Each structure stands twice: as C-alpha cells, then as structure tokens.
Amino acid sequence: KKIVILISGRGSNMQAIVQAAQREQWAAEIAAVISNKPDAAGLQFAQSQGIPTVVVESKTFASRESFDLALQQEIDKIGADLVVLAGFMRILTPAFVQHYENRIINIHPSLLPSFVGLHTHQQALDAGVKLHGATVHFVTAELDHGPIIDQACIRVSNDDTADSLAQRLLEKEHIIYPRAVRLFVEDKLEVQGDRVLIHTDTS
Ligand code: GRF
C-alpha cells in the first residue's frame with residue numbers, strides 16, 4: 001500500500017510513522033511527504049530517509065478549492081491508498097474529503113468529541129477535565145469529526161500547563177498514530193457508520 005503523509009510543520013508524528021514502518025517492516029511504502037509550507041521542518045527528516053517530498057504552498061492559491069484540487073492532483077499522481085494528516089494545519093473542502101472517503105485519517109490532540117479546533121490543551125485546562133488525550137480518526141467533511149480509530153489519554157495534574165500537556169500527549173500520539181496506520185495497512189479497520197471496528201487476531 002502507498003501512504004502519503006501531509007504535514008505543515010515539525011512532523012514528529014510523521015517521523016514516528018516512518019520509523020515504525022521501517023522497524024516493523026510494514027507491507028507499505030511511505031510514497032511521499034507533502035507540505036503546504038516550504039519551510040516545514042519535517043521535510044528535512046523525510047528527505048534524510050530518501051522519501052520524496054512535495055510542497056504545495058497553500059498561500060499561493062487564491063481559494064481553498066484551488067489549493068485542495070492541486071493537492072489532490074499531487075496525491076493522485078502518487079497513487080496513494082491512504083492519506084495521513086500529521087499536523088496538517090488546513091481545513092479541507094468536502095470535495096477533497098469525499099474523494100478520499102475512508103482513506104484519510106487524522107490525529108487530533110483531544111479526546112474527541114470534546115475540544116475540536118485549535119488550542120485543545122488550553123480548552124482542556126479551562127474545562128477542568130482530569131483526563132485529556134488524543135484521537136486518531138477517519139476524516140469527514142465536518143472538522144475534527146469522523147469515526148474514531150483509537151484514543152490515548154493522560155491525567156491532568158494541578159501544575160499542568162498547555163505546554164506540559166502538549167508535551168506529554170505527544171509521546172502518546174507517537175504510539176497510537178503509527179499503530180492506527182498499521183491497522184489500516186493490514187486491512188483491520190472496518191468503518192460501520194460512526195464506529196470503527198478493529199479486527200485484530202485476538203478479537
Ligand atoms: C500534534 O499535536 C497533532 O496532534 C496536532 O498537531 C501536532 C503536530 O505535531 N494535529 P507534529 O507536526 O506531528 O510534530
């Protein structure tokens with residue numbers, strides 16, 4: 001299977017996925033890493049691994065539709081079976097999302113359906129929740145919605161800040177995201193309405 005990973009910045013989740021794929025010898029190829037920002041730090045890591053990189057610079061497009069179309073053309077040229085959003089800071093058009101129905105996944109730094117959008121760690125602090133987390137989900141037209149594949153959580157302590165939560169959560173993201181991508185690659189995910197059934201050997 002061919003995987004294309006979309007990033008906008010640091011790319012630590014992308015890195016975790018690339019490393020897991022290598023280490024665990026997935027029957028999959030990270031066919032390209034695409035960034036909407038030319039200076040995304042993650043591009044360097046991808047290049048260092050010999051992964052082709054593409055920049056489709058969002059700010060040079062007049063509309064969301066025209067950017068998404070250009071992005072779609074790049075992804076389809078590569079022939080991706082799966083599109084992985086990893087810190088890709090763009091809202092995608094319904095047309096784009098529908099084109100990759102059940103083949104596009106995202107990680108969001110909250111326990112969805114709580115705290116959609118930006119500043120999720122601050123949102124969690126403000127709400128006073130004692131458990132915070134991250135969610136891997138299939139992408140649908142509605143922002144930060146879509147069938148949930150996996151979640152991980154951390155406890156919120158008295159002295160936590162948005163930064164400390166983000167930092168602790170990132171370690172969990174680096175575990176659940178590669179695992180979820182691997183389940184997809186191995187055809188173990190079945191979307192049934194709003195739910196994802198996971199078909200592992202033990203269940
Ligand atoms: C992660 O916290 C992810 O959940 C969120 O943006 C951050 C991206 O980090 N969507 P990185 O670029 O993967 O290092």
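This is a short talk through a few places in one protein structure.

Hi everyone, and thanks for coming. Before we start, please keep in mind that we are looking at a predicted model.

Let's begin with H108. UniProt, in an unreviewed entry, gives this residue the feature "active site". You will find H108 in strand β5, which covers residues 104-108. Is H108 buried or exposed? The count is 24 other C-beta atoms within 10 Å, and 20 or more makes a residue buried, so H108 is buried. Leaving aside residues up to four places away in sequence, H108 touches A134, T135, H137 and D144.

Now to the ligand. There are 14 residues around the ligand, and R10, S12, N13, G87 and P109 come nearest. Which elements each supply at least two residues of that shell? They are α1, at 12-23, together with β5 and α6. By type, the shell holds six nonpolar, six polar and two charged residues.

Let me pick out two of them. R64 is in helix α3, residues 64-78. R64 has 15 other C-beta atoms within 10 Å, so it is partly exposed. M89 sits in the loop between β4 (82-85) and α4 (94-99). With 14 C-beta neighbours inside 10 Å, M89 is partly exposed too.

Next, helix α6, which runs over residues 162-185. How far apart should the ends of its 24 residues be? At 1.5 Å a residue the helix should span 34 Å, and the end C-alpha atoms are 33 Å apart, so the two values agree. Do look at K172, though, where α6 bends by about 25 degrees. The buried residues of this helix include L165, L169, E173, H174 and I176. Further along, Y177, P178, A180, V181 and F184 are also among the buried ones.

Last, some backbone details. Most residues other than glycine have a negative phi, and most peptide bonds are trans. With that in mind, where does this model have a cis peptide bond? A cis bond joins L112 and P113, with omega at about 15 degrees. P113 belongs to the loop between β5 and α5 (120-127).

Then there are two positive phi values to point out. N102, in the loop between α4 and β5, has a phi near 60 degrees, and it is not a glycine. N102 has 16 other C-beta atoms within 10 Å, so it is partly exposed. D187 is not a glycine either, and its phi is positive, at about 60 degrees. D187 follows α6 and lies in the loop between α6 and β8 (189-192). Is D187 buried or exposed? D187 is exposed, because it has 9 other C-beta atoms within 10 Å.

Notes:
Residues numbered from 1 in each chain as written. Predicted model: local features only at pLDDT ≥ 70, side-chain atom pairs only at ≥ 80, totals over all residues. UniProt positions renumbered as here; feature names shortened; annotations may be inferred. Helix = DSSP H or I, 4+ residues; strand = E, 2+ residues; numbered from the N terminus. Buried ≥ 20, exposed ≤ 12 C-beta atoms within 10 Å, placed from the backbone. Contact = placed C-beta atoms within 7 Å. Expected span 1.5 Å × (residues − 1). Bend = angle between axes of the 7 residues up to and from the residue. Near = placed C-beta within 6 Å. Nonpolar A, V, L, I, M, F, W, Y, C, P; charged D, E, K, R; others polar.
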